[in-house]
Amino acid sequence: MSSASTSLLDHLRGRNGTLEGIKNILLAYTVYKYGKYALAYIRVKGVQGAIVAMFKQLLQVSITIARRFVPGANAAIASQIEKNVTSLQKKLMGDVPDHLKQHALPLKGLPASAVVTELKRLKATEHVDWKAGKISGAVYHGGEDVNKLVTEAFGMFTVANPLHPELFPGVRQMEAEVVSMLLRMYNAPDSACGSMTSGGTESLLMAIKTYRDMARDLRGVTEPELIAPVTVHTAVDKGAAYFGIKLIHIPVDPATGQVNMAKVANAINGNTVMIVGSAPNYPHGIVDPIPELSALAVKYKIPLHVDACLGGFIVPFAEKAGFPLPFHVDFRVEGVTSISADTHKYGFAPKGSSVIMYRSKEIRNYQYFITTEWPGGVYCSPTIAGSRPGALVAGCWAAMMHFGESGYVETTRQILTAARSIADGIKSIEQLQVIGQPKLSVVAFNSKSPKVKIYAVADILDKRGWHLNVLQNPPAIHIACTYLNVRASKVLLTDLKEAIAMLLKDPSCGNGDVAAIYGTMASVPDRTVISDVCRGFLDALTMM
C-alpha cells in the first residue's frame, strides 16, 4: 500500500475516532441531563407518584398515536366532541331570538331611554338569585349601601385613566392610598411598596414575571423553575405558561392539606426563581405553612410569594375577629418577599381590582415595563395594562374607606363563624368528611361512603338552588363563604343532610349534569378531549 493510502486511512481513522468521541460526549450529556431530571422528579413526586405520572403520560402518548394512525378513530372522537361542544354552547348561549341580537352597530344611535330598556331586558336574563346566599364565592356583596357608594364613585371618575396621573391626580392619590392601606394591613416594613392590578391573576402574573427577570439579571438563570403546591391557584400555571417557566407542583399532606415541606426542599435547585404558598388555597381553603416555607426561602436565598388573593381581607382581620391563625401570614415572616391580595373579594371593592405587594422597591423594579426609544415617546407602565379604568380605583378606595378596620373585622367574624358552623355540621354527617384543616372562609368536603357519590350530592344541591364549586383530584365540593352565605349556612346543612338521605334511599336521584360531566371527565384518559371541550366553552363566550 502506498504511503498516500496509508496516510489517508490514518486520517479517516483519526476523524472517525473524533466523531465517535463527540457522539459519546453527546450521549453522556443526554443521559446526564435526562437522568438528572428523572431523579429530581422522583425526589419531588416519590417513586410511586413518578410511576403514576409516567403511566399517564405514556397512556396519553399511546392514545394520541392511536387517534392519528388508526383509521376512523380520530374522526369518531372528533364527532363526539363536536356533539358535546354544540350542546354546551347551546345551553350557554340560551334560546335568544335573532332579532334580539345586535350583530352590527345600529345605523342610527338609539335614544338613552331605548338603551336603558335593552339593558333591563338583558339584566332580566339572569336566572340565579345570588342575593339568597346560595352561591359559593363569585359574588362578594357587602350590602346595598356599599353598592350605591361604589356606583357613585364610578360615576364621578368614569373617564379617569391612571395612565395619565397629571390629568387625574385624585385617582393617583387614591391608588397610592389603597396600596398603602394594604401594606399596613400586612405589616409591611417601611421599604415595602406595591401596585394595583386588575385582579388576582394579574397580581400573580406580575410576581412571576418579576422573579423570573430578577433571577435572570442577578443570577443568570436561563431555565427558570417555580415551586408551588399542587393546590395553588391555577393562575400560577397560567403565569408559568405565559413566561416560559417550568412549574414544579408539590403534593400536599393528605391529613392537613398543606404542602409537603420535605418535597419542597427536594425540589429546590439553582434554577428555582421563586416559591409560592397559599393563604388560603382555592380548592380546599388550606393555609400553607408560611413560616416553614420562609425558612427554606431564607436558607437558599429564594423569593417567597404568598398568594392571599382569596384571603386578602380575611387574613389580616382573623385574629381580631376571634379566629387567630397558628402563625403569621404577612411581612413579619422574614422570608416573605411579596404578597398578592384581592380587594374585589372580601374587600367588597368592584370586580377588577387587586394589589401586589413587595418587600422592597428593588424587587418591584423588575415588574415594571420601560422603553426609552419608542417614536411615540418614552413609555413606562407598572403592570400589564396601559390604560386602566380610574373608576375601579375610586370604587375600591370608596369601599375600603366605608368599611374601615372595624367594618372588616365584623364581616370577617360573621363569615368565619358561618364557615366554622358549616365545617362542624359537615363533620357531623357520617357519610361526609372535610378535606384538611381549613382555618378561613373556604370549606371543602367529599364522601367517605361508597354509597354516596359526591357529584350526585352536588346535583341534588343544584336542584335546590345551590351553586357550589365542584372539585376534582379528589372529587369534592367546596363553598367559599361570603357575607351573603352567613344567613344561609343552616339551610345548606339541612339540604346536605336531606341530599344524603335521598341518595342512601335511591342512588339514582343524583344523576344530573354535574355527575354526568365530572363523572365522564374522570373516566376519560385522553385529556386532550377535555381541552377541546374547554375550547368550545370559551368560543361560546363570544358566539351570537
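User: Let me start with a pairing: how many bridges join strand β11 to β13, and do they run parallel or antiparallel?
Analyst: Please keep in mind that this is a predicted model. Strand β11, residues 442-447, is joined to β13 by four bridges, and the two strands run antiparallel. Within that pairing, A444 stands opposite H478 of β13.

User: What does β12 do next to β13?
Analyst: Strand β12, residues 469-471, pairs with β13 over three bridges, in the antiparallel sense. Here N469 stands opposite H478, the residue in β13 that A444 also stands opposite. β12 and β13 form a hairpin with four residues between them, and N473 in the turn has a positive phi of about 50 degrees.

User: Is β13 buried or exposed, and why?
Analyst: Five of the five residues in β13, which covers 476-480, are buried, so the strand is largely enclosed by the rest of the structure. The covering reaches both faces, with A476, H478 and A480 buried on one side and I477 and I479 buried on the other. In a regular strand, side chains alternate between the two faces of the sheet.

User: Switching topic, which strands make up the open sheet of seven, and in what order?
Analyst: The order is β1-β7-β6-β5-β4-β2-β3, and the pairing is mixed. At the edges are β1 (193-197) and β3 (246-250), each of which pairs on one side only. Neighbouring strands in this sheet are turned against each other by 20 degrees on average, direction ignored.

User: And how do β5 and β6 run, parallel or antiparallel?
Analyst: They run parallel, with four bridges joining β5 (residues 304-307) to β6 (residues 336-342).

User: Now the inside: which residues touch the most other members of the largest nonpolar core?
Analyst: That core has 101 residues, and those touching the most other members are L182, Y186, M357, I426, V457 and L496. Helix α11, residues 390-427, gives the most to this core, with 15 residues. A second, separate core has 25 residues, among them M214, V232, V273 and Y366.

User: What does L496 touch?
Analyst: Leaving aside residues up to four places away in sequence, L496 touches I426, I429, L432, F445, V457 and L461. Two of these, I426 and V457, are also named with L496 among the residues that touch the most other core members.

User: How many aromatic pairs are there?
Analyst: A search of the whole structure finds ten. In one of them, the ring centres of F348 and Y483 are 6.0 Å apart and the planes stand at 50 degrees, so the pair is tilted. The two residues link distant parts of the chain, 135 residues apart, with F348 in the loop between β6 and β7 and Y483 in the loop between β13 and α13. F348 counts as buried at 4% relative accessibility, whereas Y483 is partly exposed with a relative accessible area of 26%. Both belong to one aromatic cluster, together with F313, F317, F403 and Y408.

User: To finish, how many helices and strands are in the chain, and what does it span?
Analyst: The chain has 15 helices and 13 strands, and its C-alpha trace spans about 105 × 65 × 60 Å along the principal axes. Of its 544 residues, 44% are buried. Its accessible surface comes to about 28,800 Å², with 60% of that belonging to carbon and sulfur atoms.

Technical notes: Residues are numbered from 1 along each chain as its sequence is written. This is a predicted model: local features need pLDDT of at least 70, side-chain atom pairs count only at pLDDT 80 or more; totals for chains, interfaces and linings use all residues. Side-chain values use heavy atoms; hydrogens and water are left out. A nonpolar core is a set of buried Ala, Val, Leu, Ile, Met, Phe, Trp, Tyr and Cys residues joined through side-chain atoms within 4.5 Å. Buried means under 20% relative accessible area, exposed over 50%, partly exposed in between (1.4 Å probe, protein chains only). Contact means heavy atoms within 4.5 Å. Two strands pair if DSSP finds at least two bridges between them. Axes are lines fitted to C-alpha atoms, for helices over the stretch in contact, and angles run from 0 to 180 degrees between N-to-C directions. Accessible areas come from the Shrake-Rupley method with a 1.4 Å probe; for residues, only the protein chains shown count as cover. Rings of Phe, Tyr and Trp (its six-membered ring) pair if their centres lie within 6.5 Å; planes under 30 degrees apart count as stacked, over 60 as edge-to-face and the rest as tilted.
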